[in-house]
Amino acid sequence: MSEKVSFGSKISLIAATVGSAVGLGNVWRFPNEVQENGGAAFLVVYIGCILLLGIPVMLAEFSLGRGTGLDTVGAFKRLTPSKPWWGIGVISLLASYMITCFYMVVAAWTMHYLWGSIDGSLYAGVGEGITASDMKDVFATQFSDFVGSAWSPMLWIVIVLAVNMFILLKGVKSGIERMSNALMPLLFVILLVLCGVALSLPNADEGVEFFLRPDFSKLNAGVFISALGQAFFSLSLGMGILITYSSYFPKKDNLTTTAVSVSFCDFLVALLMGFIIFPAVRSFGIGGDGSELQSAALVFVTLPQVFAQMPLTQVWSALFFLLLVIAALTSTVSISEVSILFFQEKMRFSRKKATLLVILPLLIFSPLCSLSQGVLSDMTLFGKNLFDFLDSTTTNYMLPIAALLTCIYVGWVVPKGFFRNEVTNNGKVAVRFFPIVRVLVRYLAPIMILSVFAYQLMS
Ligand code: PHE
């Protein structure tokens with residue numbers, strides 16, 4: 001595999017991996033989890049999950065990708081050729097493609113809202129003297145009309161797919177690496193600017209206080225499960241992304257420092273998001289029943305209400321949706337790369353052929369996901385529309401199962417010394433740290449993930 005491409009520098013590989021990890025999980029999932037699960041008390045559990053489970057599982061995935069230089073299925077096949085462990089890779093591969101189908105749609109929404117902020121159409125319905133509840137209705141209707149309409153999202157889906165294809169066709173170095181190096185610093189700058197603005201709003205301190213006040217009485221098994229799920233989703237575990245990207249890491253890279261840096265940056269983005277969302281929402285006294293922070297409603301309904309009440313509405317709105325576009329785009333690129341590398345390695349397809357094979361079918365699947373929110377909402381799978389079915393099947397079942405089996409595989413099955421040699425670069429780095437990682441991957445992570453499954457089955 002001497003011709004295998006690799007990222008040009010440590011900063012680049014961290015930027016690309018952080019780009020994948022930072023997504024809607026940080027922006028709309030995290031604040032909602034914090035609010036529901038006891039503020040800073042959730043934060044403490046979440047940090048624990050990242051340190052004890054997230055980083056070790058990430059190292060397990062990194063070792064598979066970097067150690068074999070292969071895709072998410074090929075890595076398992078290379079290490080245990082005569083056993084069916086590659087099935088784990090197939091679960092990740094399928095899950096990643098299923099996620100790609102609907103995540104492209106959400107990425108398309110973010111672009112539509114960015115455009116609406118720039119040309120002002122997003123705020124056309126809010127005139128002088130409008131009441132708070134009318135304003136909420138305006139944005140809620142606007143969002144559900146847009147999402148449910150047959151045609152409006154299609155243009156944006158095609159644009160999102162075209163942008164992804166453009167970047168992915170250019171390959172790892174001039175596509176993914178250049179995109180990440182340009183966009184990730186921009187993302188952090190926007191985040192800091194918005195943080196400054198949010199914290200200087202009137203009564204911002206009430207929001208900060210809510211965010212940082214720990215309510216330990218809320219802690220229970222459910223909170224722990226949410227924190228674990230959030231950590232795994234946010235760090236992109238079980239999706240094959242980390243195996244795929246780490247196959248482009250140079251052999252000399254210290255995987256431990258990479259895993260710690262990526263997890264830290266991902267957490268930092270979520271934390272800064274908290275310092276933006278809570279003060280902003282509190283400052284304008286929006287909601288209170290919790291619904292205003294729920295997933296899509298937070299970014300497409302609640303935040304536009306905040307921006308509409310601020311001076312320079314369109315500027316802040318455009319900056320925020322640009323941030324969201326960057327977060328979504330770097331994630332869609334990374335998740336598409338999982339299938340592209342698979343086709344390149346497994347079928348020996350050229351980069352171009354593999355990219356087209358992955359992106360072109362999305363011209364059908366993503367519009368179908370979009371339509372399933374509107375005209376096709378009657379077409380259900382297990383009682384859910386296509387979009388929600390893909391979302392819940394992957395996040396609730398496929399990703400945790402893939403993560404669980406990956407831990408068992410790396411902890412117990414891979415050839416002796418493989419995991420150690422990868423994490424320590426053959427005994428040169430992180431040597432004292434490794435035994436702890438091994439214990440966590442062998443015992444704690446599988447036990448925790450299994451307990452979550454058991455608890456969910458019982459309740
Ligand atoms: N970690 C990503 C997030 O927080 C998860 C993800 C990655 C989803 C790539 C889709 C594609 O949103």
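Predicted model: local features only at pLDDT ≥ 70, side-chain atom pairs only at ≥ 80, totals over all residues.
**How do we know? Labels in this structure**

Me: What surrounds T100, if we skip its neighbours within four places in sequence?
Reply: T100 is in contact with I335, S336, L362 and S366. T100 itself lies in helix α5, residues 86-119.

Me: W86 is in helix α5 too. What makes W86 partly exposed?
Reply: Its relative accessible area is 33%. Buried would need under 20% and exposed over 50%, so W86 falls in between.

Me: Which residues does W86 touch, not counting those up to four places away in sequence?
Reply: W86 touches V73, F76 and K77. There's also G74, twelve residues from W86 along the chain, with 7.2 Å separating the two C-alpha atoms.

Me: How do you know whether N26 is buried or exposed?
Reply: Check its relative accessible area, which is 0%. The cut-off for buried is under 20%, so N26 counts as buried. You'll find N26 in helix α2, residues 24-36.

Me: And what is N26 in contact with, leaving aside neighbours within four places?
Reply: The partners of N26 are A21, P31, S234, D266, V269, A270 and M273.

Me: Why is L312 called exposed?
Reply: For L312 the relative accessible area comes to 53%. Exposed means over 50%, so L312 passes. L312 is found in the loop between α13 (295-309) and α14 (313-346).

Me: What about R348, why is it called exposed?
Reply: R348 has a relative accessible area of 63%, and the cut-off is over 50%, so R348 is exposed as well. R348 sits in the loop between α14 and α15 (351-359).

Me: How do you know whether the radius of gyration agrees with a compact globule?
Reply: With 459 residues, a compact globule would have a radius near 23 Å; the protein chain has 22 Å, so the two agree. Along its principal axes, the C-alpha trace spans about 70 × 50 × 45 Å.

Me: What is the chain built from?
Reply: The protein chain has 19 helices and two strands. Of its 459 residues, 59% are buried.

Me: What makes a set of residues a nonpolar core?
Reply: They must be buried nonpolar residues joined through side-chain atoms within 4.5 Å. Here the largest such core has 166 residues, and those with the most contacts inside it are F7, L64, W109, F232, F300 and F320. In soluble globular proteins, nonpolar side chains tend to be buried together.

Me: Which residues is F7 in contact with, once its neighbours within four places are left aside?
Reply: Among them are L13, A16, V172, Y245 and F249.

Me: How many contacts join residues that are at least 24 apart?
Reply: Counting contacts between residues at least 6 apart in sequence, 82% do.

Key: Residues numbered from 1 in each chain as written. Heavy atoms only, no water. Helix = DSSP H or I, 4+ residues; strand = E, 2+ residues; numbered from the N terminus. Rg over C-alpha atoms; globule rule 2.2 N^0.38 Å. Buried < 20%, exposed > 50% of the residue type's maximum accessible area, 1.4 Å probe, protein only. Contact = heavy atoms within 4.5 Å.
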